[in-house]
Amino acid sequence: MARRLAASAPAAEGRSGVLKIVAALAVVLAAQALLALCLVSAQQLLVPRNMPFGVTGPPSPVVAAVASRAGLDLTSYPNESAVMDAANQGELYGAYLSEGSSDTLVVVPAKSFFAQTELEPAFLAAAHKLGRTVTVREVAPLTSEDPIGAVTSLLLLPLLIGGYLAAVLVFKAAHGVAAAPWRAAILIGYALVGALLTDLIAGPGIGAYSSSHFWPLLPCFWLITSAVALAAAAIQALVGKLGTLLVAVLFIVIGGPPAGGLGTYLLPVYWRNIGVLLPPQSAVTLVNHVLYFDGNDISTPLVVLFLYAAAGTAVIAWFGRIRPAGRANTTGGPEPRTPPGDAASTPNRRRAMIGMLVALGICAVMQSLFATTYMSAGHAPKAANLPFGVVGSSPVLAAAEKNISLKVTQYPNEAAAKTAMDEARVYGALVSSGGTNTLIVVPSLSDLAPLDLAVRFEEAARATGQKVKVQQYAPHPLAAKDPFGLVQALMLVPLLIGGYMSSTLLMAATGRAAGRWRAAQLAGFAVISGLVIDLIVCYWLEGFPSSKFWIVWPICSLIVAVVAFVAAILQKLLGPIGTLVTVVLMILLGNPSSGGASGVPYLPAFWRDLGPYLPPRNGYILLHHTIYFDGHGTSQALINLLIYLGVAAAVLIVLDLRRTEAKVPTDATEAAAVSVPIGAVP
């Protein structure tokens with residue numbers, strides 16, 4: 001009997017271990033699927049939806065023609081002064097002034113660069129068709145440091161993650177005591193430090209905005225970080241360890257995508273309404289209006305953020321001081337003395353404080369890295385050696401090259417130039433023949449290049465007395481629900497996160513950084529994960545043509561597997577700190593250097609040169625070019641990923657076969673909570 005019980009014990013332990021592994025990977029898959037669903041559904045189709053738009057003067061047929069097709073919410077103003085005041089205060093995305101023989105279209109680039117690219121061509125085309133003369137007037141123009149209005153979103157990333165990580169790491173350092181009376185003061189103090197670091201890096205350091213905005217933005221950054229940190233700590237106090245994961249889901253996974261950095265009224269209506277309830281959208285509005293609208297119309301975001309901060313502080317105070325004091329009064333005496341070995345004893349309290357300082361130091365480093373990497377890579381995209389084709393000769397080309405850096409290739413005819421576009425070798429071409437100039441752009445290769453090329457060549461044509469006709473060409477048209485070609489860049493984020501999160505939670509579930517079947521477990525997860533993301537984006541969200549479903553599945557799985565294997569090796573060699581190293585490599589360095597929807601030529605030199613050596617750029621190119629360019633230009637990306645996969649798998653198998661393995665004290669909930677949001681770009 002004793003022998004039978006002894007034999008059954010390992011079997012029971014083995015079954016328990018399998019269940020833990022399955023549960024851990026199921027959590028990763030659910031988080032990954034939710035992140036993909038939120039990111040892609042919120043940002044794939046950016047079109048005006050009930051967008052505030054002002055009108056003044058007699059009813060205009062131009063406005064009627066555009067409003068019937070675009071989602072504009074028209075507000076009539078008594079005169080030009082009133083409508084201009086509203087535009088200058090950031091209340092409107094644009095306006096149309098109907099006057100005598102000519103009209104004026106007011107655009108507000110700082111409110112939304114993407115909205116301007118939608119509204120201006122629509123109104124000009126309608127006016128031309130109806131024979132009306134229209135003058136375009138800009139209000140709150142974007143600066144040279146922020147030409148596409150990306151700075152607001154890029155600022156949100158370190159502030160949001162800094163506040164969240166501060167709450168998580170302080171909670172961990174304090175051994176899970178989420179409502180200690182000093183918690184609010186520590187988090188508010190860290191929020192000031194994090195805000196100052198972000199302001200110094202983004203402003204004077206990188207130059208993403210002028211130095212005159214340094215002091216006005218500092219209290220805004222402090223408030224945003226405080227609101228997130230205090231609210232997170234309060235939820236931890238109410239829910240416990242699961243509160244950490246709940247905050248990640250609410251503030252990052254669900255709250256980040258509808259933040260509205262590209263324009264709140266370009267979001268689907270349900271996402272815009274969800275965003276109103278959470279801090280990220282209020283944070284974006286606050287920063288944007290301080291940067292570009294002199295702090296006008298910020299009452300609502302201030303109230304929302306202060307409410308989150310105040311509610312968080314109140315909950316922490318209740319659990320940390322008020323409730324314990326009430327219990328002491330009820331019992332008629334002081335709180336029981338803490339035993340000497342308890343976590344609250346003086347030596348342990350000292351160790352906890354040291355642990356908290358170390359944790360906040362790590363948080364400050366991570367926040368600084370997020371502020372540095374994403375901002376330096378994306379705040380002012382400018383083409384450098386943009387591959388471009390030419391057929392014939394024209395003075396327009398030389399004039400255009402004064403304002404945009406092109407890497408020009410001569411082609412014998414238009415067919416040869418289009419073949420180069422089919423193979424993703426050029427971003428556009430100028431075809432000159434018989435005194436006519438046609439600029440061909442490729443919208444499926446870059447969201448920014450077609451507009452950039454059109455503006456530069458139209459300016460050059462006017463300067464040389466020439467005319468140029470702009471024509472779009474794509475080997476495979478963009479999906480109807482992805483008109484800007486953003487989906488593959490959005491897909492990449494949950495694929496990367498799913499990779500290192502799967503390895504992290506396996507480490508937490510087993511208590512070891514590696515195991516006998518770790519490589520097989522991660523490979524199996526990658527296959528299932530790739531399928532789930534493919535199903536969500538292709539069939540549920542219709543983010544790319546369904547004809548590409550089967551080829552996209554193995555690509556998604558390959559990306560997940562590469563990141564998972566690399567994370568597993570680093571965790572085996574470095575322990576839990578290997579997760580942070582993976583985040584730095586894949587999210588802080590790899591994702592900004594991928595090029596994304598804009599394309600590699602729009603990256604600064606450092607990021608352009610770094611990208612080929614890391615999986616994210618190779619994964620993006622393989623994914624994107626397979627869908628829209630029949631796999632042309634993917635050989636190097638595929639080879640690089642396969643090398644990563646092969647080498648990492650071999651190393652991991654060797655490490656897994658080692659029988660001596662130190663246990664890793666990692667909590668699965670904490671691992672999931674820290675891993676989920678770290679790359680979820682709002």
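Colleague: How many salt bridges does the count come to?
Modeller: The count comes to eight salt bridges, a salt bridge being a side-chain nitrogen of Lys or Arg within 4 Å of a carboxyl oxygen of Asp or Glu. This is a predicted model, in which local features need pLDDT of at least 70 and side-chain atom pairs count only at pLDDT 80 or more, while totals for chains, interfaces and linings use all residues. Residues are numbered from 1 along each chain as its sequence is written, and side-chain values use heavy atoms, with hydrogens and water left out.

Colleague: Which residue forms a salt bridge with E80?
Modeller: The partner of E80 is R137, and their closest N and O atoms are 3.1 Å apart.

Colleague: Where in the fold do E80 and R137 lie?
Modeller: E80 lies in helix 3 (residues 80–88) and R137 in strand 5 (residues 133–138), so the pair ties together parts that are 57 residues apart in sequence. Helices (H or I, at least four residues) and strands (E, at least two) are DSSP runs, numbered from the N terminus.

Colleague: Turning to D103, is it buried or exposed?
Modeller: D103 is buried, with a relative accessible area of 1%; buried means under 20%, exposed over 50%, and partly exposed in between (1.4 Å probe, protein chains only). Its salt-bridge partner, R132, at 2.7 Å from N to O, is partly exposed at 27% relative accessibility.

Colleague: Which residues are linked in a network of salt bridges?
Modeller: D452, R456 and E459 are linked in such a network.
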